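Colleague: I have a model open and would like to learn how to read it. Can we go through it step by step?

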Amino acid sequence: MNFKRSNFFPYKNKYYIDQLGTLLKNEILFSNTNNNFEINEISSLSNLRDNSILFVESDLKIDKVNDKNIHVITNINENKSNFNNITIVKNLNIAYNIICNQLFHHEDQIGFIDEFDFINGSYISKFSQIDKSTEIGKNCIISRGVEIGKNTIIKNNVVIKNSIIGNNIVICDNTSIGTSGFGFDFNKRGSVNLNPQLGITVIDDNVHIGASCTVDRGKIDITHIGKNSMIDNMVHIGHNVIIGKNACIAAQTGISGSVMIGDNVTIGGQAGFAGHIKIGENVIIAARSGVTKNLRNNSVVAGFPAIDMKEWKKNIIRQRKNGY
Amino acid sequence: MNFKRSNFFPYKNKYYIDQLGTLLKNEILFSNTNNNFEINEISSLSNLRDNSILFVESDLKIDKVNDKNIHVITNINENKSNFNNITIVKNLNIAYNIICNQLFHHEDQIGFIDEFDFINGSYISKFSQIDKSTEIGKNCIISRGVEIGKNTIIKNNVVIKNSIIGNNIVICDNTSIGTSGFGFDFNKRGSVNLNPQLGITVIDDNVHIGASCTVDRGKIDITHIGKNSMIDNMVHIGHNVIIGKNACIAAQTGISGSVMIGDNVTIGGQAGFAGHIKIGENVIIAARSGVTKNLRNNSVVAGFPAIDMKEWKKNIIRQRKNGY
Amino acid sequence: MNFKRSNFFPYKNKYYIDQLGTLLKNEILFSNTNNNFEINEISSLSNLRDNSILFVESDLKIDKVNDKNIHVITNINENKSNFNNITIVKNLNIAYNIICNQLFHHEDQIGFIDEFDFINGSYISKFSQIDKSTEIGKNCIISRGVEIGKNTIIKNNVVIKNSIIGNNIVICDNTSIGTSGFGFDFNKRGSVNLNPQLGITVIDDNVHIGASCTVDRGKIDITHIGKNSMIDNMVHIGHNVIIGKNACIAAQTGISGSVMIGDNVTIGGQAGFAGHIKIGENVIIAARSGVTKNLRNNSVVAGFPAIDMKEWKKNIIRQRKNGY
C-alpha cells in the first residue's frame, strides 16, 4: 500500500543526491552517482518509490531499481558492482538516521509541528481527515495525516497518529495506534539513536482493537491489520507487522517487528513471536506460546519454543509420567 | 449481585416476545411461546430476571425458569421439550447479537449517548453518582451509570464505565475499568460480530488497582473484584471474572474470561489463566504460571501447565541433573 | 542520589521521636531513646539521612547510624543491643505505614494537594520545573516536584509524578512514570495497607521509554533508569529497580521490585525478573526468559528458570530427540 509520507512527516530540508557527501561525511566508504535528483522519499525493497533513497542491508545480486530515480545506500560492499547509483557506508543505521532526521520531521525529535482543534473533549489535528459518522470519545489525540473512515468508534484516551483507519472499526480506551517502533543499532543506544520511524499503520474495515494496546507504525512502509481482525486488550504489535484478515488475538500477546501473519489466524493470550517470522493461514497458536519459527498454513502449535500442539501435549504427559 | 442494566445501557427499542420472529428471521429453527411479554432484560442461568430472554448454550434438563416471565433462546435442540417458552436458533451468538443490539444501546455500536460535566479536568457523566469525598484526578472519564462510594481515589487518565465502585478504593493512572470483553463466535469475526457486553464491573471496598490495568465488564452479569484485593500494574481481568476477598495479583498477570477465584489468593507476576476455570481459596500461584485447570483450596502451583510447586521444583532439578 | 522528599511529598504533621509512643501505641514492644529530635525524613540502609527514622528488617550487628540523628525502628529483637536509639515493634509494615502516613502527604491517601496550570492541553504542576526546550503533548499530567531537563519529548496522555527526568529523553504515549509500587504486608491486604511509596523515579539523559509503560517510584529511595537506556512498549518497572546505562529492554517485559541491573544489558520481550535479584553488566537475556537468580557479568541466558542459553538450547534439542 502506498501513502503520502509527507502528509504525516512534513519535509524538513530538501537535499539532492550530490549533497549526500555533505550529510554523511566520514560515514561514506565509496560513492558512485550518475543520476542527481532531489530526494523526496525513502524506499524499501518491497516498495520502490521514485526520487528516493533505498537502504539495503543484504547482498543483492540484481539491480531492481533501474527504472526509477533511486539511489542505494548500503553497508554491503558486494552491492558495489550491482548498482549504478550507490553509496557504501560504514554503518547503515547511522546513515539512515542522519538522512531521515534531516529529510523529515517526526515525533521523536524536537520540532515536530501539528495544529489541533479541540472538539468535544479531544484534540483533532487540522491536518487529519475524519468522516462525520465516526464517533470519538474524550481525551483522544488524532494527529496530523490521520484518516478515519465511516462509522468507526474511537473510545476515550486513545492516541492515533501516522495511521489510516477504515470503516466500522472499534478502538478501545487508552490504546495507542501508530506509535514509534523499537528500531536501532544494538551498538548505538539512547533516544537520539532510535531509527526514525517514517511509516504508518493501516487498519482495515471492521477491525476491533481492545483497551491499552499499542500498534507501532511501520519503519518505512506500513504496519497492517487486515479486515475483520479482532484484537483483545494489552496486545502489542510491533513495527512492520502484517496481519491478514480475520485474525483473533487474545490479551497480552506481543508480536515483534516485521512478523507476517496470514488470514484466519487464532492466537491465544500472552503469546509471543520472534521478529521477522512468517505465520501461514488458518494457524492456531495456543495461549502462552512462544513462536520462534515460521509456521505453515493450518499449523496448530503450543509451548515455547512453540511446536505442534499434539506433540506438546504428549511431551507434557510423558514428562509427568517420567517425573520430569 | 443485581444492578439496573438500563442505568448503564439505555433501552434502544422495545420488543415483545412475539416479535422475535421478525427480529431473528431465518435464524429460527423452532419456536414455542405461550407467554407474550415485553422484553426488558436478559438473563443468565445464575441470575434469572423477570421479563427477560435467557440464552442457553447447554443441554438443560430442568426448567428452572417457571416462576418468571422468561423466554429461552438456545441452539440445543434437546432443550425443546424442557422449556415451555423457547426458540431454537441456528447460531446462538448471532441471535444474541441481533437481539441485544436492538434492545440496548452500548458503547460498541454507533449512537451511544452520554452527557458529561467537565469538572476539575475530568469528564463526569451527568448520569453517574460519585460521593463528594472521592477524589478524581485529571483527564478521567466517568461514564453513565457509574457509582463511586466514599474516599475513593481515582488518579489520572482513568476511564471508568459500566461499573459500581465502592469505598476507600485506589485506581491508578491510565487504567480502564468496565471495558468491553472479548466475546464472539469464532467463526464470525470482525467488530460488528462482537457480542454486546451488557454487564458491569463491581469493585468492593478497599481494593487497590495499579496503573495501566484493564478490567472488562461482565457480558450479562458482573465482573467482580472482592474486598481488600490488591492488583498491581498492567493486569488484565477478562469479562465475568469473579475474584474473592484479599486477592493479591502481581504485575502483568492476565485472567481470562469467566475465571472464578476464591478468597485470599496470591498470584505472582506474568501469570495467566485459561478461561472458565475455578481457583479455590488460599491458593498461591507462582510468577509466570500458566494455570489451565481448576485448583483446590490451598493449592500452591508453578509452571506451565501449572502443577504443584514442589513437583515443579523437583522437575527442574531432575531435568538439570539429567541434562534435559 | 539524594532528592528533597518534601518537594514531592509535603509534610503532613510534625513529630518528635518522643511522640512515637503516641503514634505506634500497642505496636511497640520496646523502646530506648536518648536523643529526641524532630523527624524530618526516613532513611534506608543505603541512604542514611539526618533527623530520620530508619526501618530495619534484618539483624544488623553494627551501628551504622551513630553520626546522625537517626532512630531505628525494627521488628528484629536482636537489633536491640546494637543501636542506642531504637524501637522494637510487632509488625514493621504497620509501623512504617502509621508513621509515613502521618508524616507525609502522598497520592495514595485522601488529601494530597497539587495545583496545576493548564498549558497547551496538559496539566503542569505549579510546583514542577520544566525546561522551556522540552516539548509536552496533550492530556499529560506533570505533578508536583517533577523536574524535567532540556530537549525532552513527552508525548500524549503521559502521567509523570515524583520524578526527576533528564535531557534528550523521549517518553511515549499513555505511559505512567513515578507510579506507586506494589509494597505491602502479605498478611494485611487492602488499599489502606499499601506501604506509602515516598521515593521518586530518576531517569537519566537520552533514555527512550515506549508507549503504555509503567515505572514505579522508589519506596524510600529511587527507581533509576540509566543514561542511554531504551525501553520498548508495555514494559513494567517495579519500585526500587536500578537499571544501568545503555540497557535495551524489549516489549512487555516486567522487572520486579528492587532488581539491580548493570550496564549494557539486553533483554528480550516478555521477560520477567524475580524481585531483589542482581544482574551483572553486559548480560543478554532472551525473550520470554524468567530470571530467578543473580546473573554474573556477561551471562547469556534463556528459559524459565533462566539458564545459560547454550544449555537451554541443548535441552530443547535433547527433549525433542528423546520425545520429551
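Modeller: One caution to begin with. This is a predicted model.

Colleague: Then start with chain A. How many helices and strands does chain A have?

Modeller: Chain A has 4 helices and 35 strands.

Colleague: What are the spans of its C-alpha trace along the principal axes?

Modeller: The C-alpha trace of chain A spans about 65 × 55 × 35 Å along those axes. Now set the chain against a compact globule. With 324 residues, such a globule would have a radius of gyration near 20 Å, and the 22 Å of chain A agrees with that.

Colleague: What share of the residues in chain A is buried?

Modeller: Buried residues are 56% of the 324 in chain A. Take the contacts in chain A between residues at least 6 apart in sequence: 27% of them join residues at least 24 apart.

Colleague: On to sheets. How do I read one?

Modeller: Begin with the general idea. Strands of a sheet pair through backbone hydrogen bonds, either parallel or antiparallel. Then read the strand order. Chain A has an open sheet of 8 strands, in the order β10-β13-β16-β19-β22-β25-β28-β31, and the pairing is parallel.

Colleague: Which strands are at the edges?

Modeller: β10 (129-130) and β31 (278-279) of chain A, each of which pairs on one side only. For a pair inside the order, take β19 (residues 200-203) and β22 (residues 222-225) of chain A. These strands run parallel and share 4 bridges.

Colleague: Now domains. Where do they lie in chain A?

Modeller: The domain assignment gives domain 1 (5-103) and domain 2 (116-314) of chain A. Their C-alpha centres lie 29 Å apart. Next, look at how they touch. In chain A, 14 residues of domain 1 are in contact with 13 residues of domain 2.

Colleague: Which elements of domain 1 supply at least two residues to that side?

Modeller: α1 (5-8) and α3 (92-103) of chain A. The largest share comes from α3(A), with 5 residues. By class, this side of domain 1 of chain A has 5 nonpolar, 8 polar and 1 charged residues.

Colleague: Now the chains. How do I see their symmetry?

Modeller: Chain C goes onto chain A by a turn of 120 degrees and a shift of 0.0 Å along the axis, with an RMSD of 0.0 Å. The two copies are therefore related as by a three-fold rotation axis. Chain C on chain B also takes a rotation of 120 degrees, with 0.0 Å of shift along its axis and an RMSD of 0.0 Å.

Colleague: And the interfaces?

Modeller: The size of an interface is often given as the accessible area lost when the parts come together. Here we count residues in contact instead. Between chain C and chain B, 34 residues of chain C meet 39 residues of chain B. On the chain C side, β18 (176-179) and α4 (309-321) each give two or more residues. α4(C) gives the most, with 3 residues. That side has 13 nonpolar, 17 polar and 4 charged residues.

Colleague: How many residues of chain C and of chain A are in their contact?

Modeller: 39 from chain C and 34 from chain A. The side of chain C that touches chain A divides into 14 nonpolar, 19 polar and 6 charged residues.

Colleague: Why do we say that chains C and A meet through different surfaces?

Modeller: Only 15% of the interface residues of chain C are also interface residues in chain A, so the copies meet through different surfaces.

Conventions
Residues are numbered from 1 along each chain as its sequence is written. Chains are lettered from A and ligands numbered from 1 in the order in which they are written. This is a predicted model: local features need pLDDT of at least 70, side-chain atom pairs count only at pLDDT 80 or more; totals for chains, interfaces and linings use all residues. Copies are superposed by least squares on the C-alpha atoms of residues with pLDDT of at least 70 in both. Two residues are in contact if their C-beta atoms, placed from the backbone, lie within 7 Å. Ala, Val, Leu, Ile, Met, Phe, Trp, Tyr, Cys and Pro count as nonpolar, Asp, Glu, Lys and Arg as charged, and the others, Gly among them, as polar. Domain bounds come from an automatic or database domain assignment. Two strands pair if DSSP finds at least two bridges between them. The radius of gyration is taken over C-alpha atoms; the globule rule is 2.2 Å times the number of residues to the power 0.38. A residue is buried if 20 or more other C-beta atoms lie within 10 Å of its own, exposed if 12 or fewer, and partly exposed in between; C-beta atoms are placed from the backbone.
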